[in-house]
Amino acid sequence: MQRIKFYTIDLTKIKGRGDVKCPKCGISISPDDENEDVYTILEPVVRGNYLEKIILKCIKCESQIHLTGFQVFSKKRSQ
Ligand SMILES: [Zn+2]
């Protein structure tokens, strides 16, 4: 049996264009990419009226990746 690994990526700590890579296999994951060849969204977690995190699964290596840090962007937009 293969264990599924979990990783957390905080978007506020990513510099540059916001490119995310799978911590295990290194494949590039773009949150704007709706094509599910690279990853699939398992569950968006919404708290109040902002997106708290998105749980993704890397299709290549099957790791689960928890993308956090969306609230920073929401705050900027609501002002
Ligand atoms: Zn991967």
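Which residue takes a positive phi in the hairpin of β4 and β5? I looked it up: glycine 48, with phi near 65°, in a hairpin that has two residues between the strands.

I note that this is a predicted model; local features need pLDDT of at least 70, side-chain atom pairs count only at pLDDT 80 or more, and totals for chains, interfaces and linings use all residues. Residues are numbered from 1 along each chain as its sequence is written.

**Layout.** I read one helix and six strands in the protein chain. The order along the sequence is β-β-β-β-β-β-α. Helices (H or I, at least four residues) and strands (E, at least two) are DSSP runs, numbered from the N terminus.

**Pairing.** I took two strands as paired if DSSP finds at least two bridges between them. β4 (residues 39–47) runs antiparallel to β5 over eight bridges. Arginine 47 has tyrosine 50 of β5 as its bridge partner. I then checked β5 with β6: antiparallel again, over five bridges. Here isoleucine 55 stands opposite histidine 66 in β6. The hairpin of β5 and β6 has five residues between the strands, and glutamate 62 takes a positive phi near 65°.

**Core.** I looked for nonpolar cores (buried Ala, Val, Leu, Ile, Met, Phe, Trp, Tyr and Cys residues joined through C-beta atoms within 7 Å). Buried means 20 or more other C-beta atoms within 10 Å of the residue's own, with C-beta atoms placed from the backbone. The largest core has eight residues: Ile9, Cys22, Tyr39, Ile54, Leu56, Cys58, Ile65 and Leu67. β5 gives the most, three residues. Buried residues make up 13% of the 79 in the protein chain.

Definitions and conventions:
Buried ≥ 20, exposed ≤ 12 C-beta atoms within 10 Å, placed from the backbone.
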